Amino acid sequence: MAFRFNFAIEDNESTESDAHGEADLQLDPPKHEQTADAAAACSPQPGTAKHTGKDLSEKKLCFPAAREHHVPEDVSKVLENKVLETASDLRYVKVSAVEMTRRGGTHGEDIVWKSISTHSDLIPGVYEGGLKIWECTFDLLEYLAEAGVQFANKAVLDLGCGAGLLGIAALRGKAAKVHFQDYNSTVIDEITLPNVVANCVNDGNGTGGADEGKIVKPPSKKPKKAECLPDALSRCRFFSGEWSEVSQLLLSSSEPRSKYDVILTSETIYNPDYYGALHDTLSQLLDKNGRVYLASKVHYFGVGGGVYLFEKLVEERKVFTISTVKEIDKGLKRFVMEMAFKDSC
């Protein structure tokens with residue numbers, strides 16, 4: 001069955017002064033955190049960056065170790081004290097409300113507080129923008145619906161997931177399994193997992209977990225455990241950490257099939273310093289007959305990355321074919337690209 005989804009995307013004009021060119025609809029802050037047990041090894045590698053022109057290769061950054069985040073037995077707790085908003089039939093956590101509960105720098109990685117205090121969508125090696133919904137995500141969602149991309153019975157990875165909307169779309173398309181990965185553990189715990197729960201869980205009242213714009217509070221009486229529709233959460237796994245570390249964690253899995261039929265990723269080619277790591281991750285995790293769907297702006301001002309530079313690297317590596325399947329010529333030009341292994345074409 002082909003995946004179908006309707007999206008009413010805002011007509012937002014991007015400008016060159018906006019390095020990321022985000023849409024009006026966004027989850028306010030960004031996405032990088034470091035837990036005490038996850039701020040593992042410091043390395044001279046560069047940190048990913050969406051909104052900075054600094055030479056990250058000269059910085060020594062500490063990257064969080066990869067780890068899996070398990071879904072609580074009672075998923076109702078995931079949405080407690082969360083405020084949900086709705087757009088294009090997708091429910092997502094309002095980040096400004098998360099900010100209010102995590103001010104003060106006393107919560108795990110503290111990426112929310114660090115982002116607010118520095119007025120930055122990016123803190124290299126600490127936070128990489130995962131709290132916002134960037135506009136290319138909606139470009140890719142629209143393409144998946146228009147092209148009727150098949151997800152049924154497939155293994156899907158939402159790479160650099162942030163809010164997780166791409167993975168949620170695959171889940172609704174009857175994917176056999178959907179894995180979500182983000183650099184920051186806080187993004188997974190506070191944004192991605194709640195969004196998945198809000199979109200696939202029945203709380204017994206037909207509300208899908210919460211009323212829009214209202215805080216979800218524990219009921220005064222003993223609550224019923226939320227029920228999945230149908231077993232959706234059992235098909236999901238959640239991971240945080242740097243790409244190469246997460247790749248190793250996934251490949252070492254005891255599951256007989258650890259590679260993916262479809263990898264979805266949006267706005268992950270903003271920094272050329274990480275093209276090699278991204279290319280290696282895709283080549284390691286994609287099934288031999290799989291497809292990568294990648295959405296990006298033509299260029300990221302202040303950082304230097306963009307479509308043409310990434311295409312050049314892919315062509316030089318001679319591992320994948322890469323082609324443009326959708327072009328959005330509004331404001332700063334944006335693209336959706338498809339990748340596949342050369343020997344599968």
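Residues are numbered from 1 along each chain as its sequence is written, and side-chain values use heavy atoms, with hydrogens and water left out. Because the model is predicted, local features need pLDDT of at least 70 and side-chain atom pairs count only at pLDDT 80 or more, while totals for chains, interfaces and linings use all residues.

The chain contains eight helices and 14 strands; helices (H or I, at least four residues) and strands (E, at least two) are DSSP runs, numbered from the N terminus. Of the 345 residues in the chain, 57% are buried, where buried means under 20% relative accessible area, exposed over 50%, and partly exposed in between (1.4 Å probe, protein chains only). Contact is defined as heavy atoms within 4.5 Å. Among contacts between residues at least 6 apart in sequence, 75% join residues at least 24 apart.

Helix H3 covers residues 135-147. Its 13 residues reach 19 Å from the first C-alpha to the last, close to the 18 Å expected at 1.5 Å a residue; the expected span is 1.5 Å times one less than the number of residues. Ten of the 13 residues in H3 are buried, among them Cys 136, Phe 138, Leu 141 and Tyr 143. The cover over the buried residues of H3 includes strand E5 (90-93), H4, strand E11 (260-266), strand E12 (286-297), E13 and E14. Gly 148 follows H3 and has a positive phi, near 60°.

Helix H4 (residues 165-172) is also mostly covered, with seven of its eight residues buried. These buried residues are Leu 165, Leu 166, Gly 167, Ile 168, Ala 169, Ala 170 and Leu 171. Lys 174 lies in the loop between H4 and strand E7 (177-182) and is partly exposed, with a relative accessible area of 44%. Most residues other than glycine have a negative phi. Another positive value in a residue other than glycine belongs to Asn 81, with phi near 65°. Asn 81 is placed in the loop between strand E3 (67-69) and strand E4 (84-87), and its relative accessibility of 46% makes it partly exposed.

Helix H5 has 16 residues (185-200) and reaches 21 Å between its first and last C-alpha, close to the expected 22 Å. H5 bends by about 30° at Thr 192, and Pro 194 follows within four residues; the bend is the angle between axes fitted to the seven residues ending at a position and the seven starting there. Of the 16 residues in H5, 15 are buried.

A nonpolar core is a set of buried Ala, Val, Leu, Ile, Met, Phe, Trp, Tyr and Cys residues joined through side-chain atoms within 4.5 Å. The largest such core has 50 residues, of which Phe 151, Val 196 and Leu 264 touch the most other members. H5 contributes the largest share of this core, eight residues. A second, separate core of 30 residues includes Ala 155, Leu 278, Leu 286 and Phe 335. In soluble globular proteins, nonpolar side chains tend to be buried together. Beyond four places in sequence, the residues touched by Leu 264 include Leu 144, Phe 151, Leu 166, Ala 170 and Tyr 293.

Lys 326, in strand E13 (residues 320-328), is buried at 16% relative accessibility. Its side chain makes a polar contact of 3.2 Å with that of Glu 146. Lys 326 and Asp 139 are 187 residues apart in sequence, with 8.6 Å between their C-alpha atoms. Excluding neighbours within four places in sequence, the contacts of Lys 326 include Asp 139, Glu 142, Tyr 143 and Phe 335. Glu 338 is in strand E14 (residues 334-341), and its side chain makes a polar contact with that of Arg 291 (3.2 Å). Residues touched by Glu 338 also include Val 292, Tyr 293, Thr 321 and Ser 323.

The disulfide count, which requires a pair of cysteine sulfur atoms within 2.5 Å, is zero. Cys 136 is buried, with a relative accessible area of 0%, and Cys 161 is buried at 10%.

Methods. A polar contact is a pair of N or O atoms within 3.5 Å; within protein, one must be able to donate a hydrogen and the other to accept it, and residues adjacent in sequence count only if both atoms are side-chain atoms.
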